[in-house]
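Biologist: I'd like to look at a structure that is new to me. Can you put it up?

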Amino acid sequence: MDNNRHEAQLDFACALRKTVLEMVHRANASHVGSCMSSVEILTALYGPGGWLRQRPDEPQWAGRDRFIMSKGHAAAVLYATLSASGYFPRAWLETYCTNGAKLGGHCTSHGVPGVELSTGSLGHGLPVGLGLALGLRESGNRVAVLLSDGELDEGSNWEAALMAPHMKLGNLVVVVDYNKIQSLGRVEDVIDLGPLADKWRSFGWKTVELDGHDLRALGGALADVDGQAQAPTVIIAHTIKGKGVSFMEDRLAWHYKSPSDEQYQQAVAEVEAGRIGA
Ligand SMILES: Cc1ncc(C[n+]2csc(CCOP(=O)(O)OP(=O)(O)O)c2C)c(N)n1
């Protein structure tokens, strides 16, 4: 990736973190840690020079690649990304998670340009993504699905994981946000997923493991996805829940907690001072 694009992606990611903090703080909402772990993944997909082929001014463009945010509780970071990409006005973000607003606390596709599927009930994104990839394979469109690690406790994912290589869906890419924490405990204590890469590989997926906050690594792995290939790709992105804010990083509490005024100020200052994704 050239340096200009990399710098632009670093700026995009930093802005996303600040926007998410602003949204959850204003709405007194949960899931800030869940959003922070996905920032670089969404930046690699949607940010400057990102992997998805989309037209924000034409959200229903038939030639678009599809993205499904299966971890729908992290809606704030998807909404922030879509707004930054030009899908809808930034003013909409101010209404996030308030009564009657377009932008609900979980991802909603109803009336929100750019959101392909309403999500929040975990375990549905990959099965739907599989169907989309099957339907779009001939036209050359690609489908990306972002899963969380706790979400992999849902058996529906493993049915789709079994099916996609059988259907030779090279146009399907899954990114697992492997932050090692779910809502009420650490993944290894709730249901240990390890060895996670071996599991996907044994199902027939092209399997890549990387640092999910490394924008160059993410961009490289996505660029290697060959839509004509015989196998789907899974990117196991090792991430940190709450990434970018010292008191949130790797802390279970920040799945549900919302920052106080003071914590919000500190978090923004840390994000502005940090240079994450390099
Ligand atoms: C089917 C289903 N069961 C339970 C929940 C409640 N729930 C919300 S988030 C979550 C787990 C969060 O952990 P993880 O999936 O690892 O996502 P992270 O926020 O860590 O990225 C659960 C169980 C849900 N949304 N859907």
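Biologist: What should I know before reading any values?

Modeller: This is a predicted model, so local features need pLDDT of at least 70, side-chain atom pairs count only at pLDDT 80 or more, and totals for chains, interfaces and linings use all residues. Residues are numbered from 1 along each chain as its sequence is written, and side-chain values use heavy atoms, with hydrogens and water left out.

Biologist: How many residues surround the ligand?

Modeller: There are 17 residues around the ligand, and the closest are S34, G120, S148, D149 and K241. A residue is near a molecule if one of its heavy atoms lies within 4 Å of it.

Biologist: And what classes does that shell divide into?

Modeller: The shell has 2 nonpolar, 10 polar and 5 charged residues. Here Ala, Val, Leu, Ile, Met, Phe, Trp, Tyr, Cys and Pro count as nonpolar, Asp, Glu, Lys and Arg as charged, and the others, Gly among them, as polar.

Biologist: Where does the ligand sit?

Modeller: In the largest pocket, meaning that more than half of its atoms lie within 2 Å of the pocket's grid points. That pocket holds about 170 Å³ of space. Of its 14 lining residues, H73, L122, Q182, S183 and H255 are the closest to its centre. The lining divides into 2 nonpolar, 8 polar and 4 charged residues.

Biologist: How are pockets and cavities told apart?

Modeller: On a 1 Å grid over the protein atoms alone, a cavity is a set of points where a 1.4 Å probe fits but cannot get out, while a pocket is an open set with protein on both sides within 12 Å along at least five of seven lines; lining residues have an atom within 4 Å of a point.

Biologist: How many cavities of 30 Å³ or more are there?

Modeller: The structure has 2 of them.

Biologist: Changing topic, which peptide bond is cis?

Modeller: The bond from G194 to P195 is cis, with omega near -10°. P195 is in the loop between α7 (187-190) and α8 (196-203).

Technical notes: Points joined across faces, edges and corners; volume = space filled by probe spheres on them. Helix = DSSP H or I, 4+ residues; strand = E, 2+ residues; numbered from the N terminus.
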